[in-house]
Amino acid sequence: MLFPDTIYEKDLSADSNCRRMAVSIAAGKCCAAVWDDNMPGSLRIVSTERVSIDQNGNWNGLEDFLYENPGLLAPMARTTVLIDTHDIAIVPESLSEDCASRLLRISAISDSAYDNTRYTEVWHGSSVGVRFGLLLPSKLSRFLNRSFQPLEIHWYASAIIQYCRNIIIKDCDKTRRLHAFAAISSSSHITVVVLDTSGNLVAAISRTGSCHSDLTYYTLSLLSSLTSSIRDEVSLSIFGNPKEAKAIKEKLSGWIDAKMHTYLPEKPSLIDPTQLHLISPELCAAIDL
């Protein structure tokens with residue numbers, strides 16, 4: 001059963017050395033997937049919409065969600081947590097640690113408000129020529145590290161970025177200078193990734209809006225900041241929730257001819273293709289990679 005009401009350890013594969021888990025944390029929704037790489041049909045996904053972030057950066061409802069699903073706290077070979085936050089910095093791999101740290105602090109929060117007892121820096125690399133830095137509430141960082149080991153904490157959009165890079169490397173239209181991908185999680189959330197023909201990251205955003213028009217604006221604003229000729233220089237693919245993706249495609253039609261994208265059909269996956277629309281694209285990509 002892909003979507004059980006609750007996940008218990010008895011529902012998981014017996015060998016903890018083969019278990020993997022991906023958790024996506026965003027305001028309004030938290031999803032967790034557990035599976036065994038060597039066991040087809042082992043994928044289990046649970047989610048909650050009782051997750052919110054307050055003005056102090058505390059993620060309310062997250063601990064309750066995990067405790068209500070004790071299987072998520074069972075031993076795992078690897079756990080990847082994807083966190084949706086605007087408190088990030090994307091820096092070249094060559095940038096020194098001190099400069100990267102400084103850039104993260106001034107990008108995410110003013111130095112006058114920065115308190116290293118309240119915030120924790122988390123950095124992770126990528127295969128697209130950059131590093132991602134997140135500034136997390138220390139309480140959240142401690143809770144995640146206490147709950148999951150071994151643990152990798154990534155920016156919410158990083159799985160989408162890696163997934164799109166694989167597409168560029170495999171099948172790239174050399175007539176376009178930039179390749180953009182818009183992943184629609186819901187009517188109010190979009191992740192936009194832009195890469196060059198070599199698969200290097202050019203830009204990426206993850207935004208929440210109140211309607212389709214907001215998501216369309218975020219997409220066009222990013223693309224127009226990169227080129228004066230969106231229609232000629234950019235290829236745009238949209239994927240995720242089919243209904244929402246189609247609505248965004250129609251709103252963009254006056255500026256760019258976007259195409260609907262489906263996950264690579266020949267790529268081995270634990271996910272039933274008929275159920276892809278039920279899973280957020282960020283979690284989909286994290287499972288598939």
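Local features of the predicted model were considered only at pLDDT of at least 70 and side-chain atom pairs only at pLDDT 80 or more, whereas totals for chains, interfaces and linings use all residues. Residues are numbered from 1 along each chain as its sequence is written, and side-chain values use heavy atoms, with hydrogens and water left out.

The secondary structure of the chain comes to 8 helices and 15 strands, where helices (H or I, at least four residues) and strands (E, at least two) are DSSP runs numbered from the N terminus. Along the principal axes, the C-alpha atoms of the chain fill a box of roughly 55 × 50 × 35 Å. The radius of gyration, taken over C-alpha atoms, is 19 Å, which agrees with the value near 19 Å for a compact globule of 289 residues; the globule rule used here is 2.2 Å times the number of residues to the power 0.38.

Strands of a sheet pair through backbone hydrogen bonds, either parallel or antiparallel, and two strands are taken to pair if DSSP finds at least two bridges between them. An open sheet of 5 strands, with mixed pairing, has the order S13-S12-S11-S14-S15, and its edge strands, S13 (201-208) and S15 (259-260), each pair on one side only. Within this sheet, S11 (residues 178-186) and S14 (residues 234-240) run parallel and are joined by 7 bridges, with Phe181 standing opposite Ser237 in S14. Helix H4 packs on the sheet, touching S11, S12 (189-196), S13 and S14, and the direction of H4 makes about 40° with that of S12; contact means heavy atoms within 4.5 Å, and angles run from 0 to 180 degrees between N-to-C directions, the axes being lines fitted to C-alpha atoms, for helices over the stretch in contact. Helix H7 (residues 242-252) also packs on the sheet, where it touches S11, S14 and S15, with a direction at about 155° to that of S14. The antiparallel pairing of S12 with S13 extends over 7 bridges, and Val192 has Ile205 in S13 as its bridge partner. In the hairpin formed by S12 and S13, with 4 residues between the strands, Gly199 takes a positive phi near 90°.

A further open sheet, of 3 strands with antiparallel pairing, has the order S7-S9-S8. Strands S7 (88-92) and S8 (119-124) stand at the edges, each with a single partner strand, so one side of each is left without a neighbour in the sheet. From one strand to the next, the twist averages 25°. S8 pairs with S9 (residues 130-137) in the antiparallel sense over 6 bridges, and the bridge partner of Val122 in S9 is Leu134. Helix H2 (residues 97-108) packs on this sheet, touching S7, S8 and S9, and its direction makes about 150° with that of S7.

Two packed helices are described by the angle between their axes and the distance between the axes. H4 (residues 158-170) and H8 (residues 281-288) pack at an angle of about 60°, with axes 8 Å apart, and are therefore oblique to each other; angles under 35 degrees count as roughly parallel, over 145 as roughly antiparallel, 65 to 115 as roughly perpendicular and the rest as oblique. The contact is made by Ala159, Ile160 and Tyr163 of H4 together with Pro281, Glu282, Ala285, Ala286 and Asp288 of H8. These residues divide into 6 nonpolar, no polar and 2 charged, with Ala, Val, Leu, Ile, Met, Phe, Trp, Tyr, Cys and Pro counted as nonpolar, Asp, Glu, Lys and Arg as charged, and the others, Gly among them, as polar.

H5 (residues 212-224) and H7 pack at an angle of about 60°, with their axes 10 Å apart, which makes H5 oblique to H7. The crossing of H5 and H7 is right-handed. In this contact, His212, Ser213, Leu215, Thr216, Thr219 and Leu220 in H5 meet Glu244, Ala247, Ile248, Lys251 and Leu252 in H7, and the residues involved divide into 5 nonpolar, 4 polar and 2 charged.

Finally, the peptide bond from Gln149 to Pro150 is cis, with omega near -5°, and Pro150 is placed in the loop between helix H3 (138-147) and strand S10 (151-155).

Key
Left-handed = near helix turned anticlockwise from the far one by under 90°.
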